[in-house]
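Colleague: I am new to this structure and would like to learn how to read its features. Could we begin with the strands?

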Amino acid sequence: MSDAFDGLAGVLWDMDGTLLDSEKMWDVAVRELSLHLGGPMTEETRLKTIGASSANALGVIFDALGLDRDPAALAEAKEWMFTRVQELFGDGIPWRPGAHDALRTARAHGLRSALVTNTERRLTERALETLGRHHFDHSVCGDEVPAGKPHPDPYLRGAELLGLHPSQCLAIEDSPTGAASAQAAGCVVLIVPCEIPVADGPGRVFRDSLEGITGSDLAEAWAQPSGVRL
């Protein structure tokens with residue numbers, strides 16, 4: 001590893017909307033779930049579910065429909081949603097632009113990598129068939145930490161599994177929820193927005209796409225002051 005990487009030792013990758021264009025599949029599933037539960041989903045409700053853990057997303061949907069958060073009903077809705085997403089994943093999950101090459105670039109420069117997602121292990125394992133497990137040293141799923149994004153737990157666990165302090169890691173995210181999680185954990189965050197805008201904030205650097213990203217770009221993102229667009 002070159003001197004340009006002094007201090008940066010790992011990359012923590014979000015999955016939905018960052019590496020895979022799977023948010024569109026979640027969009028289908030949550031909208032269909034809302035109809036299944038009693039009514040159409042508003043755009044405001046949909047925006048609140050993007051990047052959320054399954055528990056938080058289901059809570060948002062139930063609240064929007066005026067439904068009681070009965071544990072049995074939530075569990076049934078979760079199973080319905082997961083089954084539908086699995087069906088959609090089975091048709092193939094498209095990559096986000098430049099994401100596949102970005103994973104290989106991080107590997108080529110000796111950076112440790114972990115997948116850090118709010119998606120639960122059951123669905124993440126299906127997605128890893130597309131992503132390729134060899135790209136990651138470890139993976140952290142939403143059902144494997146005390147609290148999912150926007151809490152810092154997923155990114156704290158990802159850094160821990162890599163044997164690193166979060167400040168040694170560059171997190172790559174697409175959503176406000178994920179960015180808040182990585183920032184709270186102490187990571188520098190490279191934000192490549194997908195479905196919704198992400199506000200500037202401390203420790204946040206922006207890039208329009210992962211296309212053409214180089215090892216030097218990763219190092220520069222980690223070292224840049226907040227709010228920079230690369």
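Modeller: Glutamate 173 stands opposite isoleucine 191 in β5. Strands here are DSSP runs of E with at least two residues, and helices are runs of H or I with at least four, numbered from the N terminus. The model is predicted: local features need pLDDT of at least 70, side-chain atom pairs count only at pLDDT 80 or more, and totals for chains, interfaces and linings use all residues. Residues are numbered from 1 along each chain as its sequence is written, and side-chain values use heavy atoms, leaving out hydrogens and water.

Colleague: How many bridges join β4 to β5?

Modeller: Two strands pair if DSSP finds at least two bridges between them. Four bridges join β4 (residues 169-173) to β5 (residues 188-191), and these strands run parallel.

Colleague: In what order do the strands of the open sheet lie?

Modeller: The order of the six strands is β3-β2-β1-β4-β5-β6, with parallel pairing. At the edges are β3 (138-140) and β6 (204-206), each pairing on one side only.

Colleague: How many disulfides does a search of the whole structure find?

Modeller: A disulfide is a covalent bond between the sulfur atoms of two cysteines. The cut-off applied is a pair of cysteine sulfur atoms within 2.5 Å. The search finds zero disulfides. The closest cysteine sulfur to that of cysteine 169 belongs to cysteine 187, at 5.4 Å, too far for a bond. For cysteine 194, the nearest cysteine sulfur is that of cysteine 141, 19 Å away.

Colleague: Is cysteine 169 buried or exposed?

Modeller: Buried means under 20% relative accessible area, exposed over 50%, and partly exposed in between, using a 1.4 Å probe and protein chains only. Cysteine 169 is buried, at 0%, whereas cysteine 194 is partly exposed, at 22%.
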